[in-house]
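Here's a quick tour of a protein model, made for someone just starting out. Have a look at the structure, then follow the notes below.

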Amino acid sequence: MYAQQVKSTGKKVVSLEEMSPADRDFQERINRGEKIEPKDYMPAAYRTNLIRQIGQHAHSEIVGQLPEGNWITRAPTLERKANLLAKVQDEAGHGLYLYCAAETLGVTRDEMFEMLHEGKMKYSSIFNYPTLTWADMGAVGWLVDGAAIMNQVPLQRTSYGPYARAMVRICKEESFHQRQGYHIMIKMAKEGTEDQKRMAQDALNRFWYPALMMFGPSDNDSVHSAQSMAWKIKMNTNDELRQKFVDETVPQAAYLGLTIPDENLQWNAETEQYDYSEPDWNEFHDVISGNGPCNTERLGARRKAWDDGAWVREAMMAHAEKKAQRKAALG
């Protein structure tokens with residue numbers, strides 16, 4: 001998911017009997033499927049957890065523009081350039097929706113950017129891998145956006161109203177992005193030259209395991225999922241979503257004539273699911289900790305964009321102040 005290591009309370013889930021009256025009423029509302037709105041009562045830990053999750057999700061959408069923006073001018077046709085530009089614009093919009101949702105919890109956008117730049121708030125590990133060829137744009141759309149959709153569709157039912165509503169439009173657009181990426185893979189892997197087919201296979205080889213890591217650590221190591229699921233901030237476990245992603249993606253790869261880079265991958269007739277190899281979790285933790293192939297580059301680009309945009313923010317604030325002064329002068 002786009003918030004792979006969001007910590008909740010770090011404690012076991014408290015039963016209704018152990019809660020304060022206010023917290024019990026809050027949890028019972030969630031249990032009934034009601035939406036929590038910004039002015040409603042909520043436990044401090046629920047608010048904090050949401051800020052972390054929505055903030056990391058928003059940062060992921062913004063940082064996620066970087067690996068693709070790199071290919072806008074190098075896309076093979078004018079149509080592909082326009083399509084990729086539109087996709088990058090969509091992702092900027094997704095970030096804005098999510099920042100707005102987080103702001104309803106009492107955190108400012110400036111504070112979230114500061115946490116990102118100081119390494120106190122993360123973004124998805126997948127965006128710390130390089131996009132080396134045009135086939136990577138297909139793999140990113142097919143696998144990365146596909147994994148994002150797998151996680152984000154359930155979030156349309158999350159308990160916090162502004163977050164759930166933001167996810168409705170985001171999911172519609174992400175679905176289009178996934179189809180766009182798969183279409184690139186069809187053109188290269190199924191209809192392309194031998195060189196293009198090799199490029200498509202290489203892209204799959206490099207992005208398969210990082211895509212599996214997007215869902216976060218194994219449930220055995222994900223100590224914060226239980227509370228997030230009790231609050232309905234998180235709707236499914238990491239392993240449930242990862243398994244669903246594998247089961248849906250393997251047949252798509254077969255149609256493309258591509259081979260999933262996992263020699264242990266096989267259909268399990270008993271479970272009616274695919275057995276597959278776990279990602280290298282040491283690599284995952286290295287990347288999350290800032291030691292991935294592109295961590296320094298990605299964060300540096302975001303810091304530079306923030307610094308270079310300071311004059312715009314200052315000009316807008318000055319304009320707002322003058323406008324307020326004129327309004328006050330007119331009575």
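The largest nonpolar core has 73 residues, and the ones touching the most other members are Tyr46, Ile54, Trp142, Leu143, Tyr160 and Phe245. Keep in mind that this is a predicted model: local features need pLDDT of at least 70, side-chain atom pairs count only at pLDDT 80 or more, and totals for chains, interfaces and linings use all residues. Residues are numbered from 1 along each chain as its sequence is written, and side-chain values use heavy atoms, with hydrogens and water left out.

**The core**
- A nonpolar core here is a set of buried Ala, Val, Leu, Ile, Met, Phe, Trp, Tyr and Cys residues joined through side-chain atoms within 4.5 Å.
- "Buried" means under 20% relative accessible area, "exposed" means over 50%, and "partly exposed" is in between (1.4 Å probe, protein chains only).
- The elements giving two or more residues to the core are α1 (21–31), α2 (44–63), α4 (78–103), α5 (109–117), α6 (134–155), α7 (161–190), α8 (194–213) and α10 (238–256).
- Helix α6 gives the most to this core, with 11 residues.
- Those labels come from DSSP runs numbered from the N terminus: helices are H or I with at least four residues, and strands are E with at least two.

**Salt bridges**
- You'll find 17 salt bridges in the structure, each being a side-chain nitrogen of Lys or Arg within 4 Å of a carboxyl oxygen of Asp or Glu.
- Lysine 87 pairs with glutamate 68, with their closest N and O atoms 2.5 Å apart. Lysine 87 sits in helix α4 and glutamate 68 in helix α3 (residues 65–69), so this pair ties together parts that are 19 residues apart in sequence. Both lysine 87 and glutamate 68 are buried.
- Aspartate 195 bridges to arginine 198, the closest N and O atoms being 2.1 Å apart. Both lie in helix α8, 3 residues apart, about one turn of the helix. Aspartate 195 is partly exposed at 47% relative accessibility, while arginine 198 is exposed at 51%.
- Arg29, Arg32, Glu34 and Asp40 are linked up in a network of salt bridges.

**Positive phi angles**
- Most residues other than glycine have a negative phi.
- Lysine 232 isn't a glycine, yet its phi is positive, near 60°. You'll spot lysine 232 in the loop between α9 (225–230) and α10.
- Glutamate 272 also isn't a glycine, and its phi is positive at about 55°. Look for glutamate 272 in the loop between β1 (266–268) and β2 (273–275), where it is exposed, with a relative accessible area of 59%.
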